[in-house]
Amino acid sequence: MSAKPVYLGVIGVGGVGTAFLNQLSRLPSPPQLILLARSTQTLLSPAPAYTPSIAPGDWATAQSTPSITKAGALSVDEIASYLSSAPGRSVLVDNTSDPALASAYPTFLKKGISIVTPNKKGFSSDLSLWKDIFASAAQGSSLVYHESTVGAGLPVISTLKDLVATGDEVTRIEGVFSGTLSFLFNIFAPVSSSGSSAPWSQVVAQAKELGYTEPDPRDDLNGMDVARKLTILARIAGLDVQSPESFPIESLIPSELASLPSTPDGIQQFMTRLPGFDSQMTRIKEDAEKNGKVVRYVGSIDVPKKEVKVGLQLFDKDSAIAGLKGSDNIISFYTKRYGANPLIVQGAGAGGDVTAMGVTADLLKALERLR
Ligand SMILES: NC(=O)C1=CN([C@@H]2O[C@H](COP(=O)(O)OP(=O)(O)OC[C@H]3O[C@@H](n4cnc5c(N)ncnc54)[C@H](OP(=O)(O)O)[C@@H]3O)[C@@H](O)[C@H]2O)C=CC1
Ligand SMILES: N[C@@H](CC=O)C(=O)O
Ligand code: NA
C-alpha cells in the first residue's frame, strides 16, 4: 500500500530553518512542502491543486519560480485554512521564536494540522496555553512534537516522556541547559586558567555569530531561555508550573542595559554597549578562581519539593559540569529506577544543524503516524 500524501508548511528560515530545509531535501520520502514563510514573505503551492510543491533544496530560488504563488505575511487563519484544505494530512513546522505564532498552535491543532517545532514559547508560557495545546491536539486528532525545545537535538524530551510513561518516578532533573551559556563559560572561565582571556562581551558576540544564541541574545543572558526549558521539563514531570516567571531567575544582563527595547536596534545597542560592563563578569570569574573553583550557569528541578532553580553556581574543576566543552549541555535525570546513578544525556545543546536534527527527527515520527 502506498503512503498517504502529507503536506508541509514551514515558517522561519533562519539558522535552524535553513539547516532543517537542507535535511528535508535529503529525506528519501519527504512530505510535500507547500508553504514556506519568513517574516515578510510567503511562498505557496497554488491552491486548489497544491502542486507543484516547493523544492526544499532550492527554496531560496523558489521566489523566482513562476508556478509558485508569492504573498506577504499571512495571518494565522489564512495559514490554517490553506494547510487544512490540502488534500491530505498536514504538518506545520515552526522554526521561529515568535510567541504569537506559538499561541496560535491550538487553532492549527483543532483543524487537524500537526505541529513540529523548536520554538519554546508555546510550551513554556502561561500554563493555560500548554493545556490548550494538548487538549486541542486531542480534539483535532493532530500531533505535537517539540524535542528541540530542550537540549536542541539531544533526546531530552523523549527520554523524560519515556521515563514518565513507563511509570518511573522522576525525583530530580539538573544540569546545564543552555548551549550559549555553556559555550560562554567554557571559553571565558575555562578549567585551566592559562586558557582564553577573551573578554565576556567578545565571547557573547562569538556565540551569536555561531548561531547558538536566541534571535535576541538577551533571552539567553537573562536566564529566561533556561527558565523556559526547565518549565517545559517540570510540566512533563508532572508539576503545574504556572509560567517561567514563577521561580527566581539569575540574570547576567547589567542592570544599566536591562531597559533597552526588544527591537533589532535594541539588540544592536546592547551588543555595542556590553563591552563597557565586562569587568562585572571578570569579577565573578575571579571570585570563583580564588576558591579554586569555576563558575557555571545551571538549573535544577526538585520534583517532590516542587522547586525550580536557575542561576550561577560554583563547581570543582574536576566535576563533569566544569569539564564540558563547546556548547555542550549535560542533563541528569534522577529517578526511582535509576537510583543514585542518574540517567545522563550530554552533547551539543545549540547550533543550527543539531537543532534541525531534532526537528527533522520529530517530523519523521509524525510522518510515521500520519501516513
Ligand atoms: N539556534 C539554536 O541553537 C536553537 C534554536 N532553537 C529555537 O529555534 C528557533 C529558531 O531559532 P534560529 O533559527 O536560531 O532563529 P533565527 O533568528 O536565525 O531565525 C528566525 C526565523 O524566523 C522568522 N520569523 C520570525 N518571526 C516570524 C513570523 N512571525 N512569521 C514568519 N517568520 C518569522 C525569521 O524571518 P526573517 O528571515 O524574515 O527574519 C527567521 O527566518 C527559536 O525558537 C529558537 O529558540 C532551539 C534550540 C537551539
Ligand atoms: N539559545 C539556546 C538555543 C537552544 O535552545 C541555547 O543557547 O541553548
Ligand atoms: Na532535545
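These legends describe close-up views of a predicted model.

Local features need pLDDT of at least 70 and side-chain atom pairs count only at pLDDT 80 or more, while totals for chains, interfaces and linings use all residues. Residues are numbered from 1 along each chain as its sequence is written, chains are lettered from A and ligands numbered from 1 in the order written, and side-chain values use heavy atoms, with hydrogens and water left out.

View 1. The protein is divided into domain 1 (7-153 + 354-370) and domain 2 (156-348). These bounds come from an automatic or database domain assignment. The domain centres, taken over C-alpha atoms, are separated by 28 Å. Domain 1 puts 17 residues into the contact and domain 2 puts in 22 residues. Contact means heavy atoms within 4.5 Å.

**View 2. The largest nonpolar core.** A nonpolar core is a set of buried Ala, Val, Leu, Ile, Met, Phe, Trp, Tyr and Cys residues joined through side-chain atoms within 4.5 Å. Buried means under 20% relative accessible area, exposed over 50%, and partly exposed in between (1.4 Å probe, protein chains only). The largest core has 85 residues. Phe108, Ile173, Leu184, Trp200, Leu233, Ile301 and Phe333 touch the most other members. Helix H12 (residues 224-236) gives the most to this core, with 8 residues. Helices (H or I, at least four residues) and strands (E, at least two) are DSSP runs, numbered from the N terminus. Both domain 1 and domain 2 give residues to this core, so it lies between them.

**View 3. Leu233 and its contacts.** Leaving out residues up to four places away in sequence, Leu233 touches Val150, Val156, Ile157, Leu160, Ile173, Phe177 and Ile301. A second, separate core of 27 residues includes Leu24, Leu43, Leu143 and Leu370.

**View 4. The sodium site.** The sodium ion (ligand 3) is coordinated by Glu147 (O), Glu147 (OE), Val150 (O), Ala152 (O) and Leu154 (O), at 2.3 to 2.6 Å. Donors are N, O and S atoms within 2.8 Å of the metal (3.2 Å for Na, K and Ca); water is not among the atoms, so sites may look incomplete. Along the chain, the donors follow the spacing E-x2-V-x1-A-x1-L. Ala152 is buried, at 4% relative accessible area. Leu154 is also buried, at 12%.

**View 5. The buried face of helix H3.** In helix H3 (residues 76-84), the buried residues are Ile79, Ala80, Tyr82 and Leu83. Seen down the axis, they fall within an arc of 165 degrees, so they line one face of the helix. The arc is that of the directions from the helix axis to the C-beta atoms. Their packing partners include strand S1 (6-11), strand S5 (89-94) and helix H5 (105-110).

**View 6. Aromatic pairs.** Rings of Phe, Tyr and Trp (its six-membered ring) pair if their centres lie within 6.5 Å; planes under 30 degrees apart count as stacked, over 60 as edge-to-face and the rest as tilted. The count comes to 9 aromatic pairs. Phe123 and Phe134 have ring centres 6.3 Å apart and planes at 45 degrees, so the pair is tilted. Phe123 is buried, at 0% relative accessible area, whereas Phe134 is partly exposed, at 29%. Phe188 and Trp200 have ring centres 5.3 Å apart and planes at 75 degrees, so this pair is edge-to-face. Phe188 lies in helix H9 (residues 179-188) and Trp200 in helix H10 (residues 200-209), so the pair ties together parts 12 residues apart in sequence. Ring pairs also link Tyr105, Phe123, Trp130 and Phe134 into a cluster.
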